[in-house]
Amino acid sequence: MIIFLIGTWGSGKSYVGNLIEEHCGISHVEADIHFDKKMLGAIHTRTFHELDMTRYYDRVISDIFGFQKRSNNFVVSQGIYQEQFRQTIYECFQPDIRFVWVKTADEFLLKARLYDRSTQGNPITPEVYEYMNDYWEEMLIPHQVLVNGDTIEADTRALLQSYNLCAHWLD
């Protein structure tokens, strides 16, 4: 099974993916590794709307097929702000994929996390986050929701168990 964590920057996708990897031994892969200088430049110059994201998601899909050859179960995290690309990935990997929308419980904390990361060299600042939020499209594909808050570990464990994964959460 492929668990695909989606959500805005700073929502906790990587945190949830790392929880799953740590407590269940299910590999976590961050698809943001495919962001190139052109994409980051377009985001920072507010010209993102001009980018053709098809090649980017073709690379993500190719990687997922590669991971699938090596493992039956793994987690991928990536924002996927636009529904057409969520739909493409969903169609490519049915019936083996489950989308999980990771949301933050605290917008202030999210922006503080982004600010802290940006001071350590991460290119995604709170201002870039605000700009990119205009591109977030309604989720239409089947998905579950995890809220990154006080109960995130228990909620993640329950979600995995509903998928018949990770019967033995390692404490």
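Biologist: Which side chains meet in a salt bridge, N to O?

Modeller: In this predicted model, the side chains of Arg86 and Glu83 form a salt bridge, with 2.6 Å from N to O. The count of salt bridges comes to one.

Biologist: Where do Arg86 and Glu83 lie?

Modeller: Both belong to helix α4, which covers residues 83-93. Three residues separate them, about one turn of the helix.

Biologist: Are Arg86 and Glu83 buried or exposed?

Modeller: Arg86 is buried, with a relative accessible area of 0%. Glu83 also counts as buried, because its relative accessibility is 9% and the cut-off for buried is under 20%.

Biologist: Turning to the strands, how many of the eight residues of β4 are buried?

Modeller: Six of the eight residues of strand β4 (residues 97-104) are buried, so the strand is largely enclosed by the rest of the structure.

Biologist: In which sense do β1 and β4 pair?

Modeller: Strand β1 (residues 2-6) pairs with β4 in the parallel sense, over five bridges. Within that pairing, Ile6 has Trp101 of β4 as its bridge partner.

Biologist: And over how many bridges do β4 and β5 pair?

Modeller: β4 and strand β5 (residues 143-148) pair over six bridges, in the parallel sense. Trp101 stands opposite Val145 in β5. Trp101 is therefore a link in the description of both pairings, given its partner Ile6 and its place opposite Val145, within a strand that is largely enclosed.

Biologist: Now helix α5: what does it reach from its first C-alpha to its last?

Modeller: Helix α5 (residues 107-119) has 13 residues and reaches 19 Å, close to the 18 Å expected at 1.5 Å a residue.

Biologist: Which residues in α5 are buried?

Modeller: Leu110, Leu114 and Ser118 are buried in α5. Seen down the helix axis, the buried residues fall within an arc of 70°, so they line one face of α5.

Biologist: What covers the buried residues of α5?

Modeller: The cover includes β4 and helix α6 (126-133).

Biologist: Which exposed residues are on the face turned away from the buried side?

Modeller: That face of α5 carries Phe108 and Thr119, which are exposed.

Biologist: At the start of α5, what reaches to the backbone nitrogen of Phe108?

Modeller: A side-chain oxygen of Asp106 comes to within 2.9 Å of that backbone nitrogen.

Biologist: And what follows α5?

Modeller: Gly121 follows α5, and its phi is positive, near 105°.

Conventions
Residues are numbered from 1 along each chain as its sequence is written. This is a predicted model: local features need pLDDT of at least 70, side-chain atom pairs count only at pLDDT 80 or more; totals for chains, interfaces and linings use all residues. Side-chain values use heavy atoms; hydrogens and water are left out. A salt bridge is a side-chain nitrogen of Lys or Arg within 4 Å of a carboxyl oxygen of Asp or Glu. Helices (H or I, at least four residues) and strands (E, at least two) are DSSP runs, numbered from the N terminus. Buried means under 20% relative accessible area, exposed over 50%, partly exposed in between (1.4 Å probe, protein chains only). Two strands pair if DSSP finds at least two bridges between them. The expected span of a helix is 1.5 Å times one less than its number of residues. The arc is that of the directions from the helix axis to the C-beta atoms. Contact means heavy atoms within 4.5 Å. A polar contact is a pair of N or O atoms within 3.5 Å; within protein, one must be able to donate a hydrogen and the other to accept it, and residues adjacent in sequence count only if both atoms are side-chain atoms.
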